[in-house]
Protein chains: 2
Amino acid sequence: MTTIHEVARAAGVSISTVSYALSGKRPVSEKTRMRIEDAVHALGYEPDAGARMLAGRRTHIFALTEPLRADTHAPTHMAFVLATAVAARRQGFDILLLTDEQASEGMNRVAASNLVDAILVLDVAPDDERVPIARSVGTPTIFIGLPDDREGLTCVDLDFEAAGRLAVDRLADAGHRRIALLGQTEVSYRKSNFPRRLLRGAQEQAAARDVTLDWSASGSAVTDASAVRACTETALARGDRAFIVHAVDDVHQVLLSVLAEHGLRVGDDVSVISAAASFDTAALPVPVDTIPLVPQRSCELAVDLAVRRLDDPLAPAEIHLIPPEYRSVGSVSPAQD
Amino acid sequence: MTTIHEVARAAGVSISTVSYALSGKRPVSEKTRMRIEDAVHALGYEPDAGARMLAGRRTHIFALTEPLRADTHAPTHMAFVLATAVAARRQGFDILLLTDEQASEGMNRVAASNLVDAILVLDVAPDDERVPIARSVGTPTIFIGLPDDREGLTCVDLDFEAAGRLAVDRLADAGHRRIALLGQTEVSYRKSNFPRRLLRGAQEQAAARDVTLDWSASGSAVTDASAVRACTETALARGDRAFIVHAVDDVHQVLLSVLAEHGLRVGDDVSVISAAASFDTAALPVPVDTIPLVPQRSCELAVDLAVRRLDDPLAPAEIHLIPPEYRSVGSVSPAQD
DNA sequence: TTGAAAGCGCTACCAA
DNA sequence: TTGGTAGCGCTTTCAA
């Protein structure tokens, strides 16, 4: 194993100079720095993680807590984990996984043992049990998602309410008086934090714009394609010609199929907006306007906030809502009365 | 922060006694042990991770490397990550995630910095670039999956070849002379290690039993339900009345739909076996015989092997193939000639 | 611009 | 059965 002493000896300097040359916390002359870097390279030196943790003030590890509820949508979840890991690594941090029961217990454990510098919270529930833990541990904690009670917490998320309002606005602007909202699974409106937020925003704006909003929870189209199909048929029978879809990939597929079967052309006879989808809506058989949910944005911001909190422990806790963006590809057309 | 000194003072013993009481590496009298445990509890003591790493010989962390290729099936992948995390935690280890580009680079980094005690390898490719890295790093590495070149490696996996043979055997035993194998995506037969292994086993046994095996790669039914449908129709037209499905959930759904549309009853007019599925096949609309892929089994074994390697660094590297198990629910019926 | 040295909080060896 | 203590390999303060 290569230690800092061997690097120092090879470069003909003291170990403190090596340490400073690598951390950049003290100016080191160009010449010595070069010699040190050469030695580091030649010896394949990598600072010992344990020693660094003990002596320094940083572990260079973030914990990522993910309870993985039964209704967790695997592809979306994976996108968030990946985005977090990439963002963290870019700042020099590794990700330690706290899954399942460890999602809560582990927070106390890793905080008490100084294993991590900060904790990132995924899969946030409305009444998340990690909220009180976050308040009690000394370790900076960032929520990616909004629990109901967020007093004193730092949270990051897409502004789902604004996304809901934006979608309704666009359709109302186009003259639609009735809008169908094809939503997430029933259970996710109770167990997750974001479906209800989007719904609330849409309902608010529907009231404000005096349009009718017909909401129906969907399932996954795979396990229950017929339910999605039924929802869509019902909406069409009601006279709805404007759809907001806040659901997974396959629900979009079914909706578009049913519309096609009815001879309705999207962006012509019927309007469709996909709200807060994290998959690539460009891959759908018909182009659909979208208000994308971009995991990278939330996760990078979360990591930035964690780092900021480390540099300045007094940084105030706040809620960071990312404003939704509307991407038009022509799937919304004027209402035909 | 609570240190071992405070615990020692509270319990009226020396720090070494506290250390030994907690690690169990030296006998400690019942009385003292109790007092120490009380103190630990009262103070909420948790050993400092950095100090433990530096002083001890263990970091109590395993790295989990997952490249996440585009064709990775998210739900299956998550099941493996979860199973690994749970198994590791049960033995007192946390999981450090090495994703994306870090899947390879990170191995060298965490090994050189002594951040982890062992490395677990997921999403193994036939020509996996982590194979040479595993050979060169000093850190024990366990592959969950089989690369083509496994000389000197420790690997764990379901015996997919045996699973393929077993499925063919059962259908051949029932008198079927033609079998359709509805497989994974085209790309996964090149990029992943297991689809080809199951296929090879099935082909071998088909040759041995002198039955015809019609293999077709499938896609995901969501993105290409019509392709799955077409495969099935073709197979039926060919006269195939026996199906082996080695594919994701939704492909099963489509197959069963098409069979139903043709008025063919599973376990009666037509035989179906689901091979190496990691989802719950009991949730399918029709009960189907299955040779399950159980992530828990592979992952627990992998973790056990890692721990064993730590205790005995000279433990020999070997390939551990988990024998497939056949679960019959009556979806295979005698061929009707 | 550089060096010397004091810990960081444990584990594990040596004594008792 | 227990205690004392020498490191583990760094970071960072103090001095030069």
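Predicted model: local features only at pLDDT ≥ 70, side-chain atom pairs only at ≥ 80, totals over all residues.
I'm calling a polar contact a pair of N or O atoms within 3.5 Å; within protein, one has to be able to donate a hydrogen and the other to accept it.

**Polar contacts.** With that rule I went through the interface of chain A and chain B, and eight residue pairs came up in polar contact, both partners at pLDDT 80 or more.

**Who supplies the chain A side?** I listed the elements of chain A that give two or more residues to the side touching chain B: helices H4 (49-55), H5 (74-90), H6 (102-112) and H12 (249-261), plus strand E2 (94-99). H5(A) has the largest share, with nine residues. I then sorted the residues on this side by type and got 22 nonpolar, eight charged and seven polar.

**Extent.** Next I looked up how far the contact goes. I found 37 residues of chain A in contact with 37 residues of chain B. The area buried between the two chains comes to about 3300 Å², and carbon and sulfur atoms give 70% of that.

**Salt bridges.** How many salt bridges are there between chain A and chain B? I counted two. I looked at the one where the side chain of Asp94(A) meets that of Arg109(B), at 2.8 Å from N to O.

Strand E2 (94-99) of chain B pairs with E2(A) in the antiparallel sense, over three bridges. I followed Leu97(A) across to E2(B), and its bridge partner there is Ile95(B).

Key
Residues numbered from 1 in each chain as written. Chains lettered and ligands numbered in written order. Heavy atoms only, no water. Contact = heavy atoms within 4.5 Å. Buried area = accessible area lost by both parts, 1.4 Å probe. Salt bridge = Lys/Arg side-chain N within 4 Å of Asp/Glu carboxyl O. Polar contact = N/O pair within 3.5 Å; in protein donor to acceptor, adjacent residues only side chain to side chain. Helix = DSSP H or I, 4+ residues; strand = E, 2+ residues; numbered from the N terminus. Nonpolar A, V, L, I, M, F, W, Y, C, P; charged D, E, K, R; others polar. Pairing = 2+ DSSP bridges.
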